[in-house]
Amino acid sequence: MIMKVLEKIRKVIDLILSSACAIVFAVMVVVGTYQVVVRYFFNSPSTVSEELLTYSFSWMALLSSALVFGKRDHMRMGFIADKLTGVPKKILEIVIELMIMAFSVSVMIWGGYTIMQLSMTQVTASLGISMGVVYIVVPLSGVLIAIYSVLNIIDLAMGIDRRPAEEE
């Protein structure tokens with residue numbers, strides 16, 4: 001029963017994150033095309049579009065990294081882990097997930113919240129929005145990575161491996 005609820009939570013977060021990443025990417029394509037057209041065909045560069053692209057890229061990178069951590073498809077050096085089997089491998093993978101969670105809580109959530117608070121009074125040059133709004137993605141993605149880490153630890157303890165099969 002609890003596993004079905006956790007699976008449903010994971011699927012909802014996956015859907016929201018993948019949809020958000022797709023929307024941000026589509027906006028980036030449209031804004032990037034606009035930027036190229038106005039710069040090269042009308043000789044009138046747009047600073048607003050350049051700034052929007054920069055911040056959109058940051059948002060997409062952090063949100064998609066949270067999605068990748070949820071799927072356990074992130075880059076890793078498996079030369080030690082791939083040699084282990086059974087309980088030692090399970091313990092190592094749980095320890096790795098705990099380290100990921102510690103990083104996301106200490107650096108991304110706590111540090112991201114701190115920098116977000118400090119930069120609330122700063123305003124972006126072209127868009128005129130608070131830098132705190134731009135930085136809110138750091139603690140947000142940290143929370144998502146921490147949630148995924150908890151879900152991944154539960155999966156590992158139950159013997160479920162979500163990592164995609166290795167390509168050769």
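Contact means that heavy atoms lie within 4.5 Å of each other. This is a predicted model, in which local features need pLDDT of at least 70 and side-chain atom pairs count only at pLDDT 80 or more, while totals for chains, interfaces and linings use all residues. Residues are numbered from 1 along each chain as its sequence is written, and side-chain values use heavy atoms, with hydrogens and water left out.

Figure 1. Helices (H or I, at least four residues) and strands (E, at least two) are DSSP runs, numbered from the N terminus. Along the principal axes, the C-alpha atoms fill a box of roughly 65 × 40 × 35 Å. The radius of gyration of the chain is 19 Å, whereas a compact globule of 168 residues would have one near 15 Å. That radius is taken over C-alpha atoms, and the globule rule is 2.2 Å times the number of residues to the power 0.38. Buried residues make up 33% of the 168 in the chain; buried means under 20% relative accessible area, exposed over 50%, and partly exposed in between (1.4 Å probe, protein chains only). Among contacts with a separation of 6 or more, 75% join residues 24 or more positions apart.

**Figure 2. Helix H1 covers residues 2-40.** Its 39 residues reach 57 Å from the first C-alpha to the last, close to the 57 Å expected at 1.5 Å a residue. The expected span of a helix is 1.5 Å times one less than its number of residues. Buried residues of H1 include Leu6, Arg10, Ile13, Asp14, Leu17 and Cys21. Further along, Val24, Met28, Val31, Gly32, Gln35 and Val38 are also among the buried residues of H1. An α-helix has 3.6 residues a turn, so residues three or four places apart point the same way. Helix H2 (47-70) and helix H5 (137-158) are included in what covers the buried residues of H1.

**Figure 3. The loop between H1 and H2 holds Asn43 and Ser46.** Asn43 is not a glycine, yet it has a positive phi of about 50 degrees. Is Asn43 buried or exposed? Asn43 counts as exposed because its relative accessibility is 67%. Ser46 has a relative accessible area of 13% and is therefore buried. Leaving aside neighbours within four places in sequence, Ser46 is in contact with Tyr34, Gln35 and Val38.

Figure 4. The 24 residues of H2 should span 34 Å at 1.5 Å a residue, and the end C-alpha atoms are 35 Å apart, which agrees. After H2 comes Arg72, with a positive phi near 55 degrees.

**Figure 5. Helix H3 includes Phe103 and Ile115.** Phe103 counts as partly exposed because its relative accessibility is 47%. The C-alpha atoms of Phe103 and Ile145 are separated by 9.5 Å, although these residues are 42 apart along the chain. Ile115 is also partly exposed, with a relative accessible area of 36%. Ile115 and Tyr135 are 20 residues apart in sequence and 7.3 Å apart in space, C-alpha to C-alpha.

**Figure 6. The largest cavity holds about 50 Å³ of space.** On a 1 Å grid over the protein atoms alone, a cavity is a set of points where a 1.4 Å probe fits but cannot get out; a pocket is an open set with protein on both sides within 12 Å along at least five of seven lines; and lining residues have an atom within 4 Å of a point. Grid points are joined across faces, edges and corners, and a volume is the space filled by probe spheres set on the points. The count is one cavity of 30 Å³ or more. Its lining consists of Met3, Leu6, Glu7, Arg10, Leu151, Ile154, Asp155 and Arg162. H1 gives the most, with four residues, and H1 and H5 each supply at least two.

**Figure 7. The largest pocket has a volume of about 300 Å³.** Of its 13 lining residues, the closest to the centre are His74, Met75, Arg76, Met77 and Ile96.
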